[in-house]
Amino acid sequence: MFKLPFPLRDINAGSGTKDLGDLPEWDLSDLYTSDDAPELASDLDWLEQECAAFAADYEGKLAGLDAEGLLTCVKRNEAISTKAGRIMSYAGLRYYQLTVDADRAKFMSDCQEKITNFTTPLVFFTLELNRIEDDKLITMLAENADLARYRAVFDRIRAMKPYQLSDELEKFLHDLGVVGDAWEKLFDETIAGLEFEVDGEELTIEGTLNLLTEQDRSKREAASRELARVFGDNIKTFARVHNTQAKEKEVVDRWRNMPTAQTARHLSNDVEPEVVEALRNAVVEAYPKLSHRYYELKRKWLGLDRMQVWDRNAPLPMEVTKTVDWNAARDIVMEAYSAFDPRMGEIAQPFFDKGWIDAGVKPGKAPGAFAHPTVTEVHPYVMLNYLGKPRDVMTLAHELGHGVHQVLAADQGEMLSSTPLTLAETASVFGEMLTFRKMLEKATTQEERKVLLAGKVEDMINTVVRQIAFYDFECKLHAARREGELTPDDINALWMSVQAESLGEAFDFMDGYECFWAYIPHFVHSPFYVYAYAFGDGLVNALYAVYEENPDGFQEKYFDMLKAGGSKHHKELLAPFGLDASDPKFWDKGLSMISGMIDELEAMEG
């Protein structure tokens, strides 16, 4: 199955759409000039023929190949992945620009079905690769340095060996994948088509979520209640999507003898379950000194006896409401990137100049933000829903970090460039940190510094605390679904069971908030994706501490880490920095940076 990743950030948008300047739109012509371009038709024809030829040449024969023969086989498979990835990148990006357009949805579905049909005969490749004896593969890797480059790929494929099914069943599951995609599309189209009305104004989901960061508390409350109303009206659809997706996953996991619902994600992330568990436990144990402590501070700043859910992302009373236009946002991020290393600015510049960013909020456009690497022979594309708040500047910094990472890793080639989710968040969160530090450096008053610090703490809480709460919700959801069908009320109860624990005693929860799980796309598109955000934030905090302690030579080591893409395990990538994510104390180092910022905010109160 070749699928377009949908790595959305937690959706917390900025302010209105006025006076933002000339917002860029994608130019997808570097992929294909149109949906009926002759090059696209030619590539589909090539793909169909090459998949058939690949199967004829290699099926049943991998075990008998020598090192040179296996290398040729791997490179042909990589070429197929590149062509399929290019087609699906174009179809998917075009669809996300306007998810309610029936022609675009049909085009993407047709491309997906064709590629699934073409590539079904290739399922044997990983199955037969896993049947090669360990000693033989080790000998071949030692004989051929070019083949040895793919060791990390072989390791990740062979990690699935204990969970591999028969060739016939694997082909069946491969074909069936398009059905799961249909449920994802139903979710996307339902979300994009939702209509909200706040104070007489008709809004999309982005525009409504955006109001949760308004200075006017009544506006935030009105938006929250309208979100609750619309989610409630559509809750049966969302519950059906989640029930179906979770059941499909349970069936596949059971047939594969996966020990937990999370195992497949850990394998794809190339991370040990105990490392994720250590991260999760460290964050949950830190709730009192992080989110609970910060929101109690915020409650006092807002002058409230109790916080409501619409106060979570409220601006501080002393914060001047301002709109950051697009050119200013670009300049802020580019200055921060270039100050760290001029090469970083040079890599980022074409995103702004060459139509690699789609920034504006438009009816029917997919919500949130992502950076999609497309294929290594082209370049990444960044999608934003830019609305002009300082938080949107940080989203730009985040997604541009992904883009820089993807450009640097492209030299590894199609099979080695892709980074596990846990490490994929490194450059994005680091880009945010660079931008934040640059803005903090320019703060001229104590009040301005306080607003910036509070904003960064909130972003970190959203990235670490909120995402681990999401992870716990998903763990409960999938465990409960294994016992039977879940009603909307069942799912609502699971959602609420993690909210008070993560946010703390400062909050009350309005009627209707129990439905707010419904709009989080990660739960549908990428089960258990969310812990990667907390992993990335903790990792970057630890990395940044190393940078501050000893900046000499850091940039070279950092660039080498990004250039490695998916060719190395997290232990190997972090070793040059003296860091080890498998050490439980590692996570405390990252969390202590957040706690230290809250210490500084408390000291300002004194």
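This is a predicted model: local features need pLDDT of at least 70, side-chain atom pairs count only at pLDDT 80 or more; totals for chains, interfaces and linings use all residues.
Residues are numbered from 1 along each chain as its sequence is written, and side-chain values use heavy atoms, with hydrogens and water left out. Helices (H or I, at least four residues) and strands (E, at least two) are DSSP runs, numbered from the N terminus.

**Trp356 and its surroundings**

- Trp356 counts as buried because its relative accessibility is 10%; buried means under 20% relative accessible area, exposed over 50%, and partly exposed in between, using a 1.4 Å probe and protein chains only.
- Trp356 and Trp26 are 330 residues apart in sequence, and their C-alpha atoms are 5.5 Å apart in space.
- Setting aside neighbours within four places in sequence, Trp356 is in contact (heavy atoms within 4.5 Å) with Trp26, Asp30, Pro350, Phe351, His379, Pro380, Tyr381 and Val382.
- The side chains of Trp356 and His379 make a polar contact at 3.0 Å. Such a contact is a pair of N or O atoms within 3.5 Å; within protein, one must be able to donate a hydrogen and the other to accept it, and residues adjacent in sequence count only if both atoms are side-chain atoms.

**The sheet**

- Three strands make an open sheet with mixed pairing, in the order β3-β5-β4; two strands pair if DSSP finds at least two bridges between them.
- The edge strands, each pairing on one side only, are β3 (357-358) and β4 (370-372).
- Strands β3 and β5 (residues 381-383) run parallel and are joined by two bridges.
- Asp358 stands opposite Met383 in β5.
- As background, strands of a sheet pair through backbone hydrogen bonds, either parallel or antiparallel.

**Val382, a residue in the sheet**

- Val382 belongs to strand β5, and it is buried, with a relative accessible area of 1%.
- Beyond neighbours within four places in sequence, the contacts of Val382 include Trp26, Ile357, Phe370 and Glu399.
- Val382 and Leu93 are 289 residues apart along the chain, with their C-alpha atoms separated by 9.7 Å.

**Helices around the sheet**

- Helix α17 (residues 390-409) lies across β3, β4 and β5, running at about 15 degrees to β4. Axes are lines fitted to C-alpha atoms, for helices over the stretch in contact, and angles run from 0 to 180 degrees between N-to-C directions.
- Helices α15 and α17 pack at an angle of about 50 degrees, with their axes 10 Å apart.
- That makes α15 oblique to α17, because angles under 35 degrees count as roughly parallel, over 145 as roughly antiparallel, 65 to 115 as roughly perpendicular and the rest as oblique.
- Among the residues making this contact are Trp326 and Tyr337 of α15, and Leu396 and Val404 of α17.

- Asn313 is in the loop between α14 (288-302) and α15 (326-340), and at 6% relative accessibility it counts as buried.
- The side chain of Asn313 makes a polar contact with the side chain of Asn462 (3.3 Å).
- His478 is found in helix α22 (residues 465-481), and its relative accessibility of 6% counts as buried.
- Not counting residues up to four places away in sequence, His478 touches Ala246, Lys249, Ala261, Pro527 and Phe528.
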